[in-house]
Structures are given as C-alpha cells and as structure tokens.
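Let's take a friendly walk through this model, with the cut-offs stated as we go. Have the structure open while you read.

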Amino acid sequence: MKIDLEKMNRDQLMELRDKVDTAMETLAERELEAARTAAEEAAAKHGFTLAELGVTAGKNGRKRGAKSAPKNPPKYRNPDNPAQTWSGRGRRPDWIKAAGEDLSAFEI
C-alpha cells in the first residue's frame, strides 16, 4: 500500500498518525507477550518459574510495587526567576554560578 503524504490534508495526516500510534501500541503488546511467553518456557525448561528467578515485572516492564525514586525537594531558588530551583545535588546551575554569591542567599 503506497500512501502519498504530500496529497493529504492535516486532518488526514492526524488520522493516519493516530492509526500508526495504535498499531505500534498493539504490536508492542504482542511482542511483550511473546517475550514473556518465551521467558516462561525457557524457565520451565530448566524447572523454574519466572517468580523463582526473581522476574516479577508487570505489563509496563517495571517490577510490581516498584516506585520511582523520590524527588529531592528544592533547597535553593533563583530570586530573579522563582520557577528555577535546585536541590543542592549535582552541578550548580548557571544562575548560582553567575551570581558568585554564597549559597545562603538562595536558600528557600
């Protein structure tokens, strides 16, 4: 099937994009299920279950019950732009470097 994208209007292109996105999600689900089945068969071949091997990933690929790391709360705020904050971890932001002041001037 050949599609001439140049002749399609915006609505047609958006509809095509939605169809492609849906098809990609469906394909990913099928591939994930095939991989899970293959892993279960390989484990069973050696007399194990995936749970015994420590594999407890859910449908989204993360371990069940796993939480993302807690975000470090900001400790410093840019007085010129309050939307800019820094937790004090990692590299110092440019707005702190440029000020050349003691960090206490930026504490929240």
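## Ground rules and fold

Helices (H or I, at least four residues) and strands (E, at least two) are DSSP runs, numbered from the N terminus. This is a predicted model, where local features need pLDDT of at least 70 and side-chain atom pairs count only at pLDDT 80 or more, while totals for chains, interfaces and linings use all residues. Residues are numbered from 1 along each chain as its sequence is written, and side-chain values use heavy atoms, with hydrogens and water left out.

The protein has two helices and two strands, arranged along the sequence as α-β-β-α.

## Salt bridges

A salt bridge here is a side-chain nitrogen of Lys or Arg within 4 Å of a carboxyl oxygen of Asp or Glu. Side chains of opposite charge can pair when their charged atoms come close. How many salt bridges does a search of the whole structure find? The search turns up three. To describe their surroundings, we use relative accessible area: buried means under 20%, exposed over 50%, and partly exposed in between (1.4 Å probe, protein chains only).

Lys-19 pairs with Glu-15, with 3.5 Å between the closest N and O atoms. Because Lys-19 and Glu-15 are four residues apart in helix H1, about one helical turn separates them. Lys-19 is exposed at 54% relative accessibility, and Glu-15 is partly exposed at 46%. Helix H1 also holds Arg-36 and Glu-33, three residues apart, about one turn of the helix. Their side chains form a salt bridge at 3.2 Å, N to O, and Glu-33 is partly exposed at 42% relative accessibility.

The side chains of Lys-7 and Asp-4 form a salt bridge too, at 3.9 Å, N to O. Lys-7 is exposed, with 71% relative accessibility, whereas Asp-4 is partly exposed at 36%.

## Surface

The protein exposes about 9,500 Å², of which carbon and sulfur atoms supply 52%. Accessible areas come from the Shrake-Rupley method with a 1.4 Å probe; for residues, only the protein chains shown count as cover.

Met-1, Ile-3, Leu-5 and Leu-13 make a nonpolar surface patch of about 450 Å². Patches are made of residues with over 30% relative accessible area and no salt bridge, joining like charges within 9 Å and nonpolar side chains (Val, Leu, Ile, Met, Phe, Trp, Tyr) within 5 Å. Leu-13 belongs to helix H1 (residues 10-45) and is partly exposed, at 33% relative accessibility.

## Core and contacts

Of the 108 residues in the protein, 11% are buried. The largest nonpolar core has six residues: Tyr-76, Trp-86, Trp-95, Ile-96, Leu-103 and Phe-106. Such a core is a set of buried Ala, Val, Leu, Ile, Met, Phe, Trp, Tyr and Cys residues joined through side-chain atoms within 4.5 Å.

Contact means heavy atoms within 4.5 Å. Beyond its neighbours within four places in sequence, Trp-86 is in contact with several residues, including Pro-74, Tyr-76, Arg-91, Trp-95 and Leu-103. Among the protein's contacts with a separation of 6 or more, 19% join residues 24 or more positions apart.

## Asn-78

Is Asn-78 buried or exposed? With a relative accessible area of 7%, Asn-78 is buried. Asn-78 sits in the loop between strand S1 (76-77) and strand S2 (85-86). Setting aside neighbours within four places in sequence, Asn-78 is in contact with Gln-84 and Trp-95.

The side chains of Asn-78 and Gln-84 also make a polar contact at 2.5 Å. A polar contact is a pair of N or O atoms within 3.5 Å; within protein, one must be able to donate a hydrogen and the other to accept it, and residues adjacent in sequence count only if both atoms are side-chain atoms.
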